[in-house]
Amino acid sequence: MHACREMGIASVAVYSTVDVDSLHVKYADEAVCIGPPLSRESYLNMPRIIAAAEVTNADAIHPGYGFLAENADFSDVCHSSNIKFIGPSAEMINQMGDKNTAKATMIAAGVPVVPGSPGLVEDVAHAIEIAKKVGYPVIIKPTAGGGGKGMRVVHEESQIEKNLKTAQNEAGMAFGNSGVYIEKYLENPRHIEIQILADQHGNVIHLGERDCTVQRRHQKLIEETPSPVVSEELRAEMGAAAVAAAKAINYEGAGTIEFLVDKHKKFYFMEMNTRIQVEHPVTEQRYDVDLVREQILIAAGGSLAGKNFVPRGHSIECRINAEDPEHAFRPSPGELQVFHTPGGPGVRVDSHCYASYVVPSNYDSMIGKLIVTAHTREEAIARMSRALDEFIVVGIKTTIPFHKQVMHDPVFQSGDFDTSFLESFRFEKK
Ligand code: MV4
């Protein structure tokens, strides 16, 4: 909606009854209630969303980064309703939604992938054969999954049978598709992803990497760009691989190619996210670009030819969640009696909240993102630290005190850590 306003485009917000007081509803030129809190009846309810678009005469729908953002059927329903889905077609989403198919497509495009089964693994004998070939430990992944759900690590042959069956059953229950595949398990990798933009004319560019290694139970908590471990040379290689990945499926829109990077700095394709992501602001800050504006221009048929986004400085994002870090990050909804956001040079806050707003318990616990930008990583950490000190939330517990401690942690400061970082990080209550 910020992008729309700058472009002279009127915007319409949709909301469920519990979100009536959210800032996005106040910011939009118009707002339409699409149902009760239960997301199945509101934010996932395609007929209601299409109806809201039709009654307000909307030309396009921006799907955001949750709910229907990667739903191929929704992209298709928009298309059939003569409403432009700001993002890829159903076919493009489907090609990346099935992880095993995506992997095969990447191999054909020359993108490095983790060694493993060439296709789905059906039976125990086949699984054992593959695991023997790539070497233990291995990881069994659901082809319809993503983001870590339903994955199982197996350390020895005697554990294959049990884990394969459990993985297949769980995948069937969770995704309605019991297909699984096997990969060599890379121990303690970094999670590094490349932002790409692809227009309708075959132009694809990359906007560098985001390092999302600081995660807890597959939830990202801190993201930054550039990555402390990515050299100019590695960035060029990973960028070229990401562009090749997007070109392989004639992709349109903003997308992210996720890679695992091992301790030898070898990178492997993991999956593609066919949407704008939560952590996109760090790329926006370092590349001085509005990615949502670019999404809208691409959806309107615009060209990326001749566009050149030049990176500068270092940007870090901390996710501010309504969670209690003293109690295993349990949700902490409620009224924001005080909500004072930080300011000053190089500080950005993206949030739907304000003082007196009541954080509902119905949805995701993220109440905002704090993004800082400075010349160097060291300066960005110092800036984040002082911005976190200025960020005052009273009424609920948040992840702010946790982030303050991470900013002071010598291992985080060194830049030399992996996805196991938070397993050994001990939050000290003050
Ligand atoms: C892996 C892996 C190690 N080896 N695949 C988890 C999220 C999903 N996108 C892929 N995931 C992983 N796949 C192989 N072959 C380790 C993980 C992984 C992970 C990846 C990124 C960030 C945090 C993680 C935490 C646990 C496991």
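The structure described here is a predicted model.

**Ligand surroundings**

Around the ligand there are 18 residues, of which K141, E183, K184, L186 and M270 come nearest. Sorted by class, this shell holds 7 nonpolar, 6 polar and 5 charged residues. Four strands, β5 (138-142), β7 (180-184), β11 (253-261) and β12 (267-273), each contribute at least two residues to the shell.

| Residue | Protein atom | Distance to a ligand nitrogen atom |
|---|---|---|
| K141 | side-chain N or O | 2.9 Å |
| L186 | backbone N or O | 2.8 Å |
| E271 | polar side-chain atom | 3.4 Å |

On its own the ligand has 520 Å² of accessible area, and the protein covers 90% of it.

**Domains**

The protein chain is divided into domain 1 (2-93), domain 2 (115-184) and domain 3 (190-424).

Domain 1 and domain 3 have their centres, taken over C-alpha atoms, 23 Å apart. In the contact between these two domains, 28 residues come from domain 1 and 29 residues from domain 3. About 2200 Å² is buried between domain 1 and domain 3, with carbon and sulfur atoms giving 62% of that area. On the domain 1 side, Y65, E70 and M92 supply 29% of the area buried against domain 3, more than any other three residues.

Key: Residues numbered from 1 in each chain as written. Predicted model: local features only at pLDDT ≥ 70, side-chain atom pairs only at ≥ 80, totals over all residues. Heavy atoms only, no water. Near = heavy atom within 4 Å. Polar contact = N/O pair within 3.5 Å; in protein donor to acceptor, adjacent residues only side chain to side chain. Areas by Shrake-Rupley, 256 points an atom, 1.4 Å probe, with all protein chains shown as cover. Nonpolar A, V, L, I, M, F, W, Y, C, P; charged D, E, K, R; others polar. Domains from an automatic or database assignment. Contact = heavy atoms within 4.5 Å. Buried area = accessible area lost by both parts, 1.4 Å probe.
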